[in-house]
Amino acid sequence: GLLCDLLSTLARNPDPPREVIVGVSGGEDPRPHVPETPFPVHFLDVGSDGDRIRYSLARNACARAATSPHLLFLDADCLPAPGALAAFADVLETRDTLAIGEVRYLRPGTHDLADPNALRAASLPPPARPVPPASGWEPSDAYEMVWGLCIGIRRETFERLTRSTRAAGAEPWSLHALLLAIEHGPPPRGWGRDGSLCEASA
């Protein structure tokens, strides 16, 4: 399934994560199908709301359970490219920002998920999304760039904003784009799938 493909991709990454925390919102229990990984995988059941996936609740619960100083939120249908995790870690080490990765759509069909070059060749950028810089990270105030499927942020910043937005009576995650400088760039790259439509984030 999608989660297994994501975990396998993370395990092949030259800089695998310290841990992965999965927010489960309804559906089949994924635990029996999880592949072996060089990092621990933890599951948090955030409950379900009919057919609606509780993305914000899951992100906040997983962030609170994380132990790493940096958080990277990925949807289950995303496949980060080699070097993506290191690129997010590098920018978050030097900048207190909301880092947005490049997003690409993988064409429908059968693909070798272990071949990042073939995946990139088989993917397309979203037509309405700005072209990322050729290298590095580029500051941006375009809030429409914030796609929750691939976002990096410092954990302490996430916690600080969560406290402030809760105090204001707002939903924590929804205001992060308004409170942080947004950065968008290509070094972190990845590909994801959503049914016959394939997403890619980097």
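Modeller: A pocket is an open set of points on a 1 Å grid over the protein atoms alone, where a 1.4 Å probe fits, with protein on both sides within 12 Å along at least five of seven lines. Its volume is the space filled by probe spheres set on the points, which are joined across faces, edges and corners. This is a predicted model: local features need pLDDT of at least 70, side-chain atom pairs pLDDT 80 or more, while totals for chains, interfaces and linings use all residues. Residues are numbered from 1 along each chain, and side-chain values use heavy atoms, without hydrogens and water.

Colleague: How much space lies in the largest pocket?

Modeller: About 1,600 Å³.

Colleague: What makes a residue part of the lining?

Modeller: An atom within 4 Å of a point. For the largest pocket, 49 residues line the space. Leu-6, Ile-21, Leu-74, Asp-75 and Ala-76 lie nearest its centre.

Colleague: Which helix supplies the largest share of that lining?

Modeller: Helix 3, with six residues. Helices here are DSSP runs (H or I, at least four residues; strands are E, at least two).

Colleague: What makes a set of residues a nonpolar core?

Modeller: Its members are buried Ala, Val, Leu, Ile, Met, Phe, Trp, Tyr or Cys, joined through side-chain atoms within 4.5 Å. Buried means under 20% relative accessible area (1.4 Å probe, protein chains only). The largest such core has 12 residues, including Leu-3, Val-22 and Phe-43. Helix 1 gives the largest share of this core, four residues.

Colleague: What is Leu-3 in contact with, leaving aside neighbours within four places in sequence?

Modeller: Val-22, Pro-30, Phe-43 and Ala-76. Contact means heavy atoms within 4.5 Å.

Conventions: Buried means under 20% relative accessible area, exposed over 50%, partly exposed in between (1.4 Å probe, protein chains only).
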